[in-house]
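Trainee: Please take me through one part of this structure in close detail. I would like to start at a turn and then follow the chain's contacts from there.

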Amino acid sequence: SGGRVQGAAVKTLLTREESAFFRPLKEPMMLPRGVVLVPGARVISADGVMIGVEMGSELWAPVPPSSEQCLKGAEVIVNLSAVTEEVTGRAYRQQLVRQQSARCLCGYVYASAGTEESTTDTLCAGHCMVAVCGDMAAESAAFLAEENLLVADIDLERIRANRRRSETFAAQMQPGAPQMTCGALLLKDSE
């Protein structure tokens, strides 16, 4: 990939507040440097791993986009979030991430904006988690003042074996998902 962005994802489930500022993407849109935003194409293949992209509160939906992405082959879901912190928010997010990774038989990576990304009106806790098939593999502490890195192993063979054994999952699989392909999972700017 030469260190270039290979694709970008757009949020599909907008909250009432977000709808006042953004419109859902209905057709492909060209961005600078030849990056194309494609509505619905939120599954990428990177180094043999199918990765789905979910954004923030989309996980709270009755049927989150990650459900469909997993049925179309995504094995790992990555959720980049800037959801504001609430009193019971941490426990609720833990439940959602664990349940979605169990339901979809996938690895689920949730990364929240940190305290340094908060504003005078909102507070983000930097809550990061990795769950695999319902088990919490790693979780960060809340409100860390310094930068941190959360590292966890996601057992793809476990995910694939569980999906092969699950008759209910196999019955709903939807082969042929629209997807993008990139050569590396972690891309950094080479310019």
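Mentor: Let's begin at the hairpin of β7 and β8, where 2 residues lie between the strands and Cys-133 takes a positive phi near 50°. Before going on, please keep in mind that this is a predicted model, in which local features need pLDDT of at least 70 and side-chain atom pairs count only at pLDDT 80 or more, while totals for chains, interfaces and linings use all residues. Residues are numbered from 1 along each chain as its sequence is written, and side-chain values use heavy atoms, with hydrogens and water left out.

The two strands run antiparallel and are joined by 4 bridges; strands count as paired if DSSP finds at least two bridges between them. Val-130 has Ala-138 in β8 as its bridge partner. Strands here are DSSP runs of E, at least two residues long, and helices are runs of H or I of at least four, both numbered from the N terminus.

Glu-139 and Arg-90 are paired, with their closest N and O atoms 3.3 Å apart; the rule asks for a side-chain nitrogen of Lys or Arg within 4 Å of a carboxyl oxygen of Asp or Glu. This pair links distant parts of the chain, as Arg-90 is in helix α3 and Glu-139 in strand β8, 49 residues apart. Arg-90 is partly exposed at 24% relative accessible area, and Glu-139 is partly exposed at 29%. For these labels, buried means under 20%, exposed over 50% and partly exposed in between, using a 1.4 Å probe and protein chains only.

Now to α3 itself, which covers residues 89-103. The end C-alpha atoms are 21 Å apart, which agrees with the 21 Å that its 15 residues should span at 1.5 Å a residue; the expected span is 1.5 Å times one less than the number of residues. Buried in this helix are Gly-89, Arg-93, Leu-96, Val-97, Gln-100 and Ser-101. After α3 comes Leu-105, which has a positive phi near 50°.

Val-97 brings us to the largest nonpolar core, where Val-97, Cys-70, Ile-77 and Tyr-108 touch the most other members among its 17 residues. Each of α2, α3, β6 and β7 supplies at least two residues of this core. A core is a set of buried Ala, Val, Leu, Ile, Met, Phe, Trp, Tyr and Cys residues joined through side-chain atoms within 4.5 Å. In soluble globular proteins, nonpolar side chains tend to be buried together.

Finally, look at Ile-77. Leaving aside residues up to four places away in sequence, Ile-77 touches several residues, including Gly-52, Ser-66, Cys-70, Gly-107 and Tyr-108, where contact means heavy atoms within 4.5 Å. There is also a second, separate core of 9 residues, including Val-49, Ile-51, Val-76 and Ile-159.
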